[in-house]
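Biologist: I would like to learn how to read a few local features of a model. Please take them one at a time, with the general idea before the case.

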Amino acid sequence: MKWYGVMPAMTTCFDTALKVDHAFMARHARWLLDSGCTGIVSLGSLGEAATLTFDEKIAILKNMVATSNGKAPVVSAISALSTAEAVTLAKAAADAGCEGLMVLPPYVYLGDWREMKAYVGAIFQATPLPCMLYNNPVAYGTDFLPEQIHELAADHGNLEAVKESSTDVRRVAAIRAIEDGRLNIFVGVDDAIVEGIAAGATGWIAGLVNAMPVESVALFDYAIQGKTKEAFDLYRWFLPLLRTDTVPKFIQLIKLVQQEVGEGSARVRPPRMELIGDELKAAQVVIHTALKSRPSLLAKA
């Protein structure tokens, strides 16, 4: 598959009974793709995968594959407590028609390099699907260093991309220096996308794109095309919203933005709870301030 462009880390929409709203998710995915996104990433952290049953995960993947209908690749995030569970999910994702996998470190356990190498290696080997390694030491405590990524790439030919979410854009250049084009590097934190592209990234696993795909795609395109002024002007407006992707309650905040623009619900599954009180009011001020000055040429598609 082609690892390039803006790929949403899709939120999982729930109905009033907190069941997966497959009909809305299909409409949402079509809107994202029609707005210029180049793929769909399901079951990631933003998709609240830890709250989903195995059967729910497979149903979501099948829905996304049917919705995309070959227009763009569907990538399944693989996250689990155990290696056996992760391998089972990877194989099921392949059977469901996914074209790629985004491989996360295991939940809860913070292993050493020997253990993490074996864990992700087992997932890479579980299917022939092209894979993206997800490096997010801030959220998961496991940090895949550039030299370790190089070692994994040498051992596994289907490791084709890295989602770099360390928040340190120097990592993008460091991976590029070692791999010399072998891996496609994606930025995984919304408020580092312009800097990440300047360092050599060619993709964005994005969060706020769930609510604002036109703006997200335009920002990526400006940055990748070297249109510095246009990119900075849009980035300056977008940054207060993009920063909501990098805080502990990023799921609640991004879903709230979706609700405020009429493209989803703020509902989340426990143990998460929707924002209330002063926390909600503060978030709404940021959102409403941005919406009042939303670039007119980038109105909702």
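Modeller: Start with D143, which is partly exposed at a relative accessible area of 31%. Buried means under 20% relative accessible area, exposed means over 50%, and partly exposed is in between, with a 1.4 Å probe and protein chains only. The model is predicted, so local features need pLDDT of at least 70 and side-chain atom pairs 80 or more, while totals for chains, interfaces and linings use all residues. Residues are numbered from 1 along each chain as its sequence is written, and side-chain values use heavy atoms, without hydrogens and water.

Biologist: With which residue does D143 form a salt bridge?

Modeller: Side chains of opposite charge can pair when their charged atoms come close. The criterion here is a side-chain nitrogen of Lys or Arg within 4 Å of a carboxyl oxygen of Asp or Glu. D143 pairs in this way with R171, and the closest N and O atoms are 2.7 Å apart. The two residues belong to distant parts of the chain, 28 residues apart: D143 sits in the loop between α5 (137–140) and α6, and R171 in helix α7 (residues 170–179). Helices are DSSP runs of H or I with at least four residues, strands are runs of E with at least two, and both are numbered from the N terminus.

Biologist: Is R171 buried or exposed?

Modeller: R171 is buried, because its relative accessible area is 14%. Contact means heavy atoms within 4.5 Å. Neighbours within four places in sequence aside, R171 has contacts that include N135, F144, P146 and E164, as well as D143.

Biologist: How many salt bridges does the structure hold?

Modeller: There are 11. One of them joins K117 and E151, with 2.5 Å between the closest N and O atoms. That pair also connects distant parts of the chain, since K117 is in helix α4 (residues 113–126) and E151 in helix α6 (residues 146–155), 34 residues apart. Both ends are partly exposed, K117 at 26% and E151 at 30%.

Biologist: Where do R236 and D233 lie?

Modeller: They lie in helix α10, 3 residues apart, or about one turn of the helix. R236 is exposed at 52% relative accessibility, whereas D233 is partly exposed at 30%. Elsewhere, salt bridges with shared partners join K117, E151 and D155 into one network.

Biologist: At what angle do the axes of α10 and α12 cross?

Modeller: Two packed helices are described by the angle between their axes and the distance between the axes. Axes are lines fitted to C-alpha atoms, for helices over the stretch in contact, and angles run from 0 to 180 degrees between N-to-C directions. For α10 (residues 228–242) and α12 (residues 277–292), the axes cross at roughly 160° and come within 9 Å. Therefore α10 is roughly antiparallel to α12; angles under 35 degrees count as roughly parallel, over 145 as roughly antiparallel, 65 to 115 as roughly perpendicular and the rest as oblique.

Biologist: Which residues of α10 and α12 meet?

Modeller: W237, P240 and L241 of α10 meet V286, I287 and A290 of α12. This contact of α10 with α12 has 6 nonpolar, no polar and no charged residues. Ala, Val, Leu, Ile, Met, Phe, Trp, Tyr, Cys and Pro count as nonpolar, Asp, Glu, Lys and Arg as charged, and the others, Gly among them, as polar.

Biologist: How do helix α2 and helix α3 pack?

Modeller: The axes of α2 (residues 54–68) and α3 (residues 83–95) are 10 Å apart, at an angle of about 30°. So α2 is roughly parallel to α3. Across this pair, F54, K57, I58 and L61 in α2 meet T88, L89, A92 and A93 in α3, which gives 6 nonpolar, 1 polar and 1 charged residue in the contact of α2 with α3.

Biologist: Which backbone angles deserve a look? Where is E48?

Modeller: E48 is in the loop between β2 (40–42) and α2. Its phi is near 55°, a positive value in a residue other than glycine, and E48 is buried at 1%. L18, also not a glycine, has a positive phi of about 65°; L18 is in the loop between β1 and α1 and is partly exposed at 26%. Another backbone feature is the cis peptide bond joining P270 and P271, with omega about 15°.
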